[in-house]
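Hi,

Here is the structure I promised to pass on.

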Amino acid sequence: MPDYMILINSENKIPEGFLDTVELVEVENPEGSRFCVEKKTYQAFLKLQADIRENHGLEIALLNSYRTLEAQQKAFDHYFYKFGLAYAEKYAARPGHSEHHTGFAIDVSFLRDGKLTHGAQELLELDDLFRIVQAKLHKYGFLLRYPKGKEEITKINYEPWHYRYIDSPEIAKEIWERGICFEEYRQQR
Ligand SMILES: [Zn+2]
(Lines give C-alpha, C1' and ligand atoms only; values in the text may rest on other atoms or scores of the structure.)
Protein backbone atom coordinates (compact mmCIF):
# COMPACT_ATOMS: atom_id res chain seq x y z
CA MET A 1 0.00 0.00 0.00
CA PRO A 2 1.41 3.42 -0.92
CA ASP A 3 1.96 6.13 1.70
CA TYR A 4 -1.07 8.31 1.05
CA MET A 5 0.13 10.85 3.63
CA ILE A 6 3.34 11.64 1.77
CA LEU A 7 4.22 15.35 1.71
CA ILE A 8 5.60 16.61 -1.59
CA ASN A 9 6.52 20.28 -1.91
CA SER A 10 9.43 22.57 -2.76
CA GLU A 11 11.43 21.03 0.10
CA ASN A 12 10.30 17.43 -0.22
CA LYS A 13 10.96 15.54 -3.39
CA ILE A 14 9.18 12.34 -4.38
CA PRO A 15 11.38 9.46 -3.14
CA GLU A 16 12.99 7.19 -5.67
CA GLY A 17 10.93 4.08 -6.25
CA PHE A 18 7.76 5.60 -4.78
CA LEU A 19 5.82 4.99 -7.96
CA ASP A 20 6.48 1.26 -7.66
CA THR A 21 4.02 1.26 -4.75
CA VAL A 22 1.31 3.11 -6.67
CA GLU A 23 -1.34 1.54 -8.86
CA LEU A 24 -2.28 3.87 -11.70
CA VAL A 25 -5.38 3.52 -13.85
CA GLU A 26 -5.88 5.17 -17.21
CA VAL A 27 -8.95 7.37 -17.57
CA GLU A 28 -10.36 9.76 -20.11
CA ASN A 29 -11.69 13.25 -19.56
CA PRO A 30 -14.99 14.30 -21.24
CA GLU A 31 -13.03 15.83 -24.10
CA GLY A 32 -11.28 12.54 -24.83
CA SER A 33 -7.81 13.28 -23.51
CA ARG A 34 -6.32 10.30 -21.69
CA PHE A 35 -4.19 10.34 -18.55
CA CYS A 36 -3.44 8.26 -15.45
CA VAL A 37 -4.61 8.63 -11.86
CA GLU A 38 -4.04 6.50 -8.77
CA LYS A 39 -6.73 3.85 -8.36
CA LYS A 40 -8.21 4.73 -4.93
CA THR A 41 -7.94 8.42 -5.71
CA TYR A 42 -10.06 7.85 -8.79
CA GLN A 43 -12.66 5.80 -6.91
CA ALA A 44 -12.94 8.56 -4.29
CA PHE A 45 -13.26 11.18 -7.02
CA LEU A 46 -16.20 9.30 -8.57
CA LYS A 47 -18.03 9.42 -5.23
CA LEU A 48 -17.34 13.13 -4.87
CA GLN A 49 -18.51 13.70 -8.43
CA ALA A 50 -21.79 11.84 -7.80
CA ASP A 51 -22.41 13.80 -4.57
CA ILE A 52 -21.90 17.15 -6.33
CA ARG A 53 -24.14 16.07 -9.21
CA GLU A 54 -26.98 14.82 -7.02
CA ASN A 55 -26.93 17.54 -4.41
CA HIS A 56 -25.87 20.60 -6.38
CA GLY A 57 -26.61 19.81 -10.02
CA LEU A 58 -23.03 20.57 -10.96
CA GLU A 59 -20.90 18.35 -13.17
CA ILE A 60 -17.28 18.22 -12.11
CA ALA A 61 -14.74 16.40 -14.25
CA LEU A 62 -11.11 15.39 -13.92
CA LEU A 63 -8.83 17.59 -15.98
CA ASN A 64 -5.63 15.72 -15.18
CA SER A 65 -3.74 13.91 -12.45
CA TYR A 66 -0.54 11.90 -12.79
CA ARG A 67 2.32 13.74 -14.45
CA THR A 68 5.69 12.27 -15.40
CA LEU A 69 8.96 13.96 -14.46
CA GLU A 70 9.49 14.79 -18.14
CA ALA A 71 6.09 16.49 -18.41
CA GLN A 72 6.76 18.49 -15.25
CA GLN A 73 10.13 19.58 -16.64
CA LYS A 74 8.37 20.75 -19.78
CA ALA A 75 5.78 22.75 -17.82
CA PHE A 76 8.46 24.30 -15.62
CA ASP A 77 10.67 25.20 -18.62
CA HIS A 78 7.71 26.74 -20.41
CA TYR A 79 7.08 29.20 -17.56
CA PHE A 80 10.78 29.73 -16.91
CA TYR A 81 11.66 30.76 -20.46
CA LYS A 82 8.53 32.83 -20.85
CA PHE A 83 8.34 34.62 -17.50
CA GLY A 84 11.50 33.87 -15.50
CA LEU A 85 12.42 31.80 -12.47
CA ALA A 86 10.27 33.48 -9.81
CA TYR A 87 7.14 33.04 -11.88
CA ALA A 88 7.98 29.46 -12.82
CA GLU A 89 8.48 28.52 -9.17
CA LYS A 90 5.13 30.02 -8.21
CA TYR A 91 3.10 28.35 -10.94
CA ALA A 92 4.89 25.10 -11.69
CA ALA A 93 6.73 23.01 -9.15
CA ARG A 94 10.23 21.85 -10.03
CA PRO A 95 10.37 18.34 -11.48
CA GLY A 96 10.23 15.82 -8.64
CA HIS A 97 8.55 18.38 -6.36
CA SER A 98 5.02 18.21 -7.75
CA GLU A 99 2.54 15.94 -6.02
CA HIS A 100 1.13 15.26 -9.48
CA HIS A 101 3.98 12.73 -9.71
CA THR A 102 2.18 10.53 -7.16
CA GLY A 103 -1.19 10.19 -8.92
CA PHE A 104 -2.87 11.31 -5.63
CA ALA A 105 -3.36 14.89 -6.86
CA ILE A 106 -6.19 15.82 -9.18
CA ASP A 107 -7.13 18.99 -11.02
CA VAL A 108 -10.85 19.30 -11.63
CA SER A 109 -13.00 21.54 -13.75
CA PHE A 110 -16.69 21.99 -14.49
CA LEU A 111 -18.37 20.51 -17.50
CA ARG A 112 -20.75 23.03 -18.99
CA ASP A 113 -22.50 22.55 -22.35
CA GLY A 114 -20.18 19.60 -22.94
CA LYS A 115 -17.07 21.74 -22.52
CA LEU A 116 -14.44 21.89 -19.81
CA THR A 117 -12.92 25.12 -18.56
CA HIS A 118 -9.14 25.20 -18.86
CA GLY A 119 -6.47 27.64 -17.79
CA ALA A 120 -5.72 29.09 -14.36
CA GLN A 121 -7.37 32.45 -14.99
CA GLU A 122 -10.60 30.96 -16.32
CA LEU A 123 -10.73 28.46 -13.47
CA LEU A 124 -10.19 31.16 -10.85
CA GLU A 125 -13.30 32.90 -12.15
CA LEU A 126 -15.32 29.83 -11.12
CA ASP A 127 -14.29 30.21 -7.49
CA ASP A 128 -17.89 30.30 -6.18
CA LEU A 129 -18.56 26.91 -7.75
CA PHE A 130 -15.29 25.46 -6.53
CA ARG A 131 -16.17 26.48 -2.97
CA ILE A 132 -19.19 24.18 -3.08
CA VAL A 133 -16.91 21.29 -4.02
CA GLN A 134 -14.24 22.24 -1.48
CA ALA A 135 -16.69 21.95 1.42
CA LYS A 136 -17.32 18.29 0.48
CA LEU A 137 -13.76 17.16 -0.14
CA HIS A 138 -12.98 15.82 3.33
CA LYS A 139 -15.91 13.37 3.20
CA TYR A 140 -14.07 11.51 0.46
CA GLY A 141 -10.55 11.80 1.83
CA PHE A 142 -9.41 14.82 -0.19
CA LEU A 143 -7.73 18.08 0.83
CA LEU A 144 -7.83 21.49 -0.78
CA ARG A 145 -4.07 21.43 -1.11
CA TYR A 146 -3.29 25.11 -1.84
CA PRO A 147 -5.81 27.17 0.13
CA LYS A 148 -6.18 30.92 0.02
CA GLY A 149 -4.16 32.62 2.76
CA LYS A 150 -1.61 29.80 3.04
CA GLU A 151 0.57 30.84 0.09
CA GLU A 152 3.49 31.73 2.40
CA ILE A 153 3.56 28.16 3.69
CA THR A 154 2.65 26.12 0.63
CA LYS A 155 4.68 28.41 -1.67
CA ILE A 156 1.94 27.90 -4.25
CA ASN A 157 -0.80 30.37 -5.20
CA TYR A 158 -4.42 29.57 -4.34
CA GLU A 159 -5.64 26.78 -6.60
CA PRO A 160 -9.38 26.18 -6.03
CA TRP A 161 -9.26 23.19 -8.40
CA HIS A 162 -6.30 21.18 -7.09
CA TYR A 163 -7.21 18.41 -4.61
CA ARG A 164 -5.05 15.87 -2.89
CA TYR A 165 -6.20 12.42 -1.84
CA ILE A 166 -4.91 11.26 1.58
CA ASP A 167 -7.10 8.15 2.07
CA SER A 168 -8.41 9.38 5.45
CA PRO A 169 -11.70 11.27 5.71
CA GLU A 170 -11.00 11.73 9.46
CA ILE A 171 -7.72 13.56 8.96
CA ALA A 172 -9.06 15.46 5.95
CA LYS A 173 -11.98 16.64 8.11
CA GLU A 174 -9.67 17.76 10.89
CA ILE A 175 -7.50 19.75 8.45
CA TRP A 176 -10.57 21.35 6.83
CA GLU A 177 -12.27 22.27 10.11
CA ARG A 178 -9.12 23.74 11.63
CA GLY A 179 -8.46 25.74 8.46
CA ILE A 180 -4.86 24.60 8.23
CA CYS A 181 -2.90 23.40 5.22
CA PHE A 182 -1.22 20.01 4.81
CA GLU A 183 2.23 21.42 5.68
CA GLU A 184 0.90 22.76 8.99
CA TYR A 185 -0.71 19.44 9.82
CA ARG A 186 2.49 17.55 9.07
CA GLN A 187 4.63 19.95 11.12
CA GLN A 188 2.56 19.16 14.20
CA ARG A 189 3.18 15.44 13.97
ZN1 LIG B 1 -2.69 20.46 -9.87
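Two strands count as paired here if DSSP finds at least two bridges between them. Please keep in mind that this is a predicted model.

With that in hand, β4 and β5 pair up: two bridges join β4 to β5 (residues 115-116), and the strands run antiparallel. Within this pair, R112 stands opposite K115 in β5. The β4-β5 hairpin has two residues between its strands, and D113 takes a positive phi near 50° there.

With β3 it pairs in the antiparallel sense over four bridges, and I60 stands opposite F110 in β4. With β7 the pairing is again antiparallel, over three bridges; there, R164 in β7 is the bridge partner of A105.

Now for the core. The largest nonpolar core holds 31 residues, and those touching the most other members are I106, V108, L137, F142, L143 and Y163. Two or more residues each come from α1 (39-56), β3 (60-64), β4 (105-112), α5 (127-134), β6 (142-144), β7 (162-165) and α7 (169-178).

As a general point, nonpolar side chains in soluble globular proteins tend to be buried together.

Happy to hear what you make of it.

Best wishes

Technical notes. Residues numbered from 1 in each chain as written. Predicted model: local features only at pLDDT ≥ 70, side-chain atom pairs only at ≥ 80, totals over all residues. Core = buried A, V, L, I, M, F, W, Y, C linked by C-beta atoms within 7 Å. Buried ≥ 20, exposed ≤ 12 C-beta atoms within 10 Å, placed from the backbone.
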